[in-house]
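Subject: The structure I promised you

Hi,

Here is the structure for you to open alongside this email. Have a look around, and then read on for what turned up.

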Amino acid sequence: MKAHLILNGRPLQYECEPTEMLLGVLQREGCTSARATCGLGVCGACTVLVDGVPVSGCLTLAAQAAGREVTTSEGVPGSDPVMQAFAAARAFQCGWCTPGFLLTVRALLDENPDPDDAEIAEALGGNLCRCGCYVKIADAVRAASRELRGAA
Amino acid sequence: MSAAGIDPRLTGAQRYAAHAERPGMWHAAFVRSPHAHARVDRVDASAVPADCVALLPGDVEDLRRYGCQARDQRVLADVARHVGDVVAAVAAPTPAAAAAAARAIEVDYTELPAVFDAVEAVAPGAPLLHPTAAESAHEAVSIGVRPLPGTNVCHRFRIRHGDVATGFADADVVVQREFRTPSAAHAPMEPHATLAEWDGGRLTLTTGTQTPFNLRTDIAVAFGMAEEDVRVIAPPMGGSFGAKTFVRLEALVAALARKAGRPVKATLERTEEFVTLNRHPATIRVRLGARRDGTLVAKELDCWVDTGAYADCGPGVATKMGYAGVGPYRIPHVRVDALAIYTNLPPNGAFRGYGAMQSVWASERTMDALAEALDTSPLELRRKNLLRDGDAFATGEVMHDVHFEECLDAAARAVGYAENPRGAGLCVLLKGMQTPSRAAISVERTPIGYVVRSASCEMGQGVRESIRLMAAEQLGCEPGQVEVPDPDTDTSPYDTRTTSSRSTHMMGRALAEAVRDLRANGGERGYGEVVNEGGLDPDTGQGVASTHWHQGAAAARLSVDEETGRVAVEHVHGVAYAGRVVDRAGAELQNEGSMIMGLGTALFEAIDFASGQVTNANFSDYNVPSVGDLPTRFTHELIERDGAEPHGLGETVLPPVPAAIGNALHSLGIDVHELPMTPERVLEAIDRR
């Protein structure tokens with residue numbers, strides 16, 4: 001089947017099988033930041049935003065994304081406050097899970113600009129980091145939140 | 001760094017082995033035994049489509065047995081020794097076509113008796129898994145392997161220090177306990193991925209690996225090639241923790257590429273990860289004797305270490321488990337017997353801590369049992385017996401640069417142990433660094449700075465950044481002017497391997513030599529190498545276990561819901577002796593990551609087996625810690641001293657976390673001997689109280 005969506009701000013015409021997942025389409029388009037990892041949608045490493053909402057690319061049918069705005073970390077500029085906060089906090093080690101966390105955090109702060117620790121923990125519960133960066137990731141979320149609220 | 005100055009791991013631009021591509025590349029899929037122990041009678045690939053390539057037993061007849069410490073592995077198993085053992089493979093234009101072609105291969109097996117427990121595997125009548133593996137023991141590098149022919153023991157490590165009979169006769173109090181630890185999954189987020197390409201007689205492997213030179217050696221052995229004809233390129237890994245060591249997929253993918261006449265790539269599915277390489281289960285018995293005043297006089301440690309279907313580095317793990325289990329204490333009489341034993345579980349290998357977690361769990365829990373028997377404080381009992389500078393360890397080596405007491409005191413202080421020991425627990429440990437080992441590094445001037453070539457492999461631990469910072473400091477330039485390319489056995493100087501928390505320490509020393517050489521010879525290029533001699537006599541355990549010891553401690557404070565058995569860890573504090581910290585954020589991340597892995601080990605991580613079949617081979621049923629698993633207070637510290645060398649700390653504060661939690665439960669009368677400390681086990685221990 002053929003469909004179209006907006007990928008990181010530009011129109012994309014794509015072809016896919018009806019049973020194919022969005023992750024496969026994105027990888028064919030060169031978005032290697034969303035990564036096949038657990039195959040079940042529990043680890044968050046394939047997280048992308050669909051109309052600003054974090055979803056697991058491995059569980060979202062490519063057809064479900066038709067007509068929507070899809071954001072991957074390739075579409076996030078280096079100047080983005082969340083990206084800057086992660087860099088300043090050194091909130092990464094191997095980096096495999098990091099794009100998924102970045103997008104989840106952007107969605108969190110869009111919806112809740114001043115999350116407390118419990119709200120941060122709940123929002124990030126669907127992203128696993130085996131390297132164990134959770135402390136610095138939470139630091140980065142708080143720093144980004146302060147930056148975004150300060151700039152507002 | 002990207003042009004914008006942001007690390008590609010943050011922007012998502014980082015490429016891993018899983019993203020490697022070559023023109024004309026095909027994809028691999030594997031046919032795996034559903035039986036834990038079975039002879040492969042017939043492999044029928046007649047239904048495989050004509051446009052796919054099948055790798056069958058006849059295709060690998062010319063390939064030889066290989067293995068880093070025992071040559072007991074074949075490229076395709078002719079006898080499947082674990083569920084998931086690869087008996088055939090296919091390459092096809094797409095991953096889906098390869099998976100379909102693999103399903104089209106039919107295999108006939110004759111099942112054989114199987115054994116799934118290390119203690120049972122050395123009992124009379126246990127099936128013999130590797131009748132001839134003992135023949136290759138003399139070829140193992142960097143460790144003296146001692147198999148027991150005619151048994152499933154691929155290595156036995158011994159320490160004989162003093163005379164334990166005399167020692168125990170002198171003891172006023174003796175305690176004996178038995179402990180068990182399960183298998184666990186490294187669960188790196190990036191699965192194993194390997195791309196193989198032949199060019200005439202030359203093989204290039206692009207693969208996620210911590211051990212490029214060891215891999216080159218083992219592949220050369222398997223294919224009967226000169227090492228110079230094998231090239232290993234090691235891109236950064238999306239995590240490893242020991243999983244991506246020695247030969248995993250590389251021989252299979254190389255054989256497929258050879259038959260297909262084109263590059264072939266394999267990327268494992270998550271379920272396959274659970275049958276590739278896991279952590280050694282262990283049964284450990286500890287007997288510890290002391291005088292009435294708390295002076296330790298004798299210790300016996302027996303370890304049954306389940307190395308699974310193939311030895312891999314099980315001999316090394318059993319050795320390290322054996323000497324780490326003595327603990328950082330002055331004990332005049334010590335006997336250790338650690339057996340690495342074959343079973344029909346998937347192979348077990350290097351896992352962050354390398355055997356230390358298992359024996360530290362057993363040893364430090366026994367210290368608290370002894371403290372209880374002596375009616376003394378667990379903190380004071382440890383303080384009284386800790387090794388100091390100039391003391392001899394059970395291996396005979398004299399300890400120097402000793403900081404155990406500082407580490408222990410810092411951990412105890414952090415949780416207010418002395419004021420309130422109830423609900424709190426301690427652990428102090430020593431862990432060795434791979435000895436002997438060799439590290440070399442080269443430095444060349446470039447138009448904008450320098451390129452530093454090192455075979456240290458990046459897996460998130462931050463070694464590339466540490467090398468960059470040390471080079472900048474020594475060369476007098478900015479870190480951004482130092483390029484550190486991916487390891488490549490064609491161009492990187494030799495390094496033993498990126499394991500054992502050795503790389504910052506060893507490469508820092510090699511770098512100093514290289515910079516000295518560069519300055520003495522015109523400033524264009526320099527080469528430096530450091531060699532640590534040592535090792536232990538496997539018959540006596542005497543010698544040099546480690547030229548430099550990793551030292552640390554942990555403390556935990558917790559409460560227990562006695563209705564549900566749920567443990568609520570309120571505070572865990574880890575302490576690592578760092579010597580000199582090179583990259584502070586990186587060191588903090590290593591402490592935090594180690595402790596989080598320790599929490600998982602302590603409370604919920606275990607691979608479950610039924611007749612050798614993994615029953616929780618996915619991230620829904622096998623849980624790794626998420627952000628919600630962190631205790632409210634999660635703290636750590638790095639102890640430094642002026643003028644000290646960098647001390648490895650990539651693993652140090654993982655092993656003490658389970659023991660500290662177990663000892664905190666013990667302080668409440670809840671005595672758990674088996675990991676993980678699940679609610680079921682806690683409730684059962686409460687019933688026994």
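Ala187(B) is buried, as its relative accessibility is 6% (buried means under 20% relative accessible area, exposed over 50% and partly exposed in between, with a 1.4 Å probe and protein chains only). Ala187(B) sits in the loop between β8 (173–181) and β9 (193–199) of chain B; helices (H or I, at least four residues) and strands (E, at least two) are DSSP runs, numbered from the N terminus. Although Ala187(B) is not a glycine, its phi is positive, at about 55°.

Before you go further, please note that this is a predicted model, in which local features need pLDDT of at least 70 and side-chain atom pairs count only at pLDDT 80 or more, while totals for chains, interfaces and linings use all residues. Residues are numbered from 1 along each chain as its sequence is written, chains are lettered from A and ligands numbered from 1 in the order in which they are written, and side-chain values use heavy atoms, with hydrogens and water left out.

Ser501(B) also has a positive phi, about 50°, without being a glycine. You will find Ser501(B) in the loop between β19 (482–483) and α13 (503–520) of chain B, and with a relative accessible area of 17% it is buried.

Chain B has cis peptide bonds to look at as well. One runs from Thr435(B) to Pro436(B), with omega near 5°, and Pro436(B) belongs to the loop between β16 (424–431) and β17 (437–446). Another joins Leu675(B) and Pro676(B), with omega about -10°; here Pro676(B) is in the loop between α15 (656–667) and α16 (679–688).

Next, the helices. In chain A, α3 (residues 98–111) and α4 (residues 117–124) pack at an angle of about 130°, their axes 10 Å apart (axes are lines fitted to C-alpha atoms, for helices over the stretch in contact, and angles run from 0 to 180 degrees between N-to-C directions). That angle makes α3(A) oblique to α4(A): under 35 degrees counts as roughly parallel, over 145 as roughly antiparallel, 65 to 115 as roughly perpendicular and the rest as oblique. Contact means heavy atoms within 4.5 Å, and Phe101(A), Thr104(A), Val105(A) and Leu108(A) in α3(A) meet Ile120(A), Ala123(A) and Leu124(A) in α4(A).

A pair of helices from both chains comes next: the axes of α5 (residues 134–151) of chain A and α14 (residues 584–603) of chain B come within 8 Å and cross at roughly 120°, so α5(A) and α14(B) are oblique to each other. From α5(A), Tyr134(A), Val135(A) and Lys136(A) meet Ala585(B), Glu588(B), Leu589(B), Glu592(B) and Ile596(B) in α14(B).

Thr32(A) also reaches chain B. This residue is in the loop between α1 (22–28) and β3 (47–50) of chain A and is buried at 13% relative accessible area. Beyond neighbours within four places in sequence, Thr32(A) contacts Glu74(A), Gly12(B), Arg15(B) and His19(B).

What is the disulfide count over all chains? It is zero, a disulfide being a pair of cysteine sulfur atoms within 2.5 Å. For Cys43(A), the nearest cysteine sulfur is that of Cys38(A), 3.8 Å away; for Cys58(A), it is that of Cys46(A), 3.7 Å away. Cys43(A) is buried, with a relative accessible area of 2%, and so is Cys58(A), at 16%.

Happy exploring!
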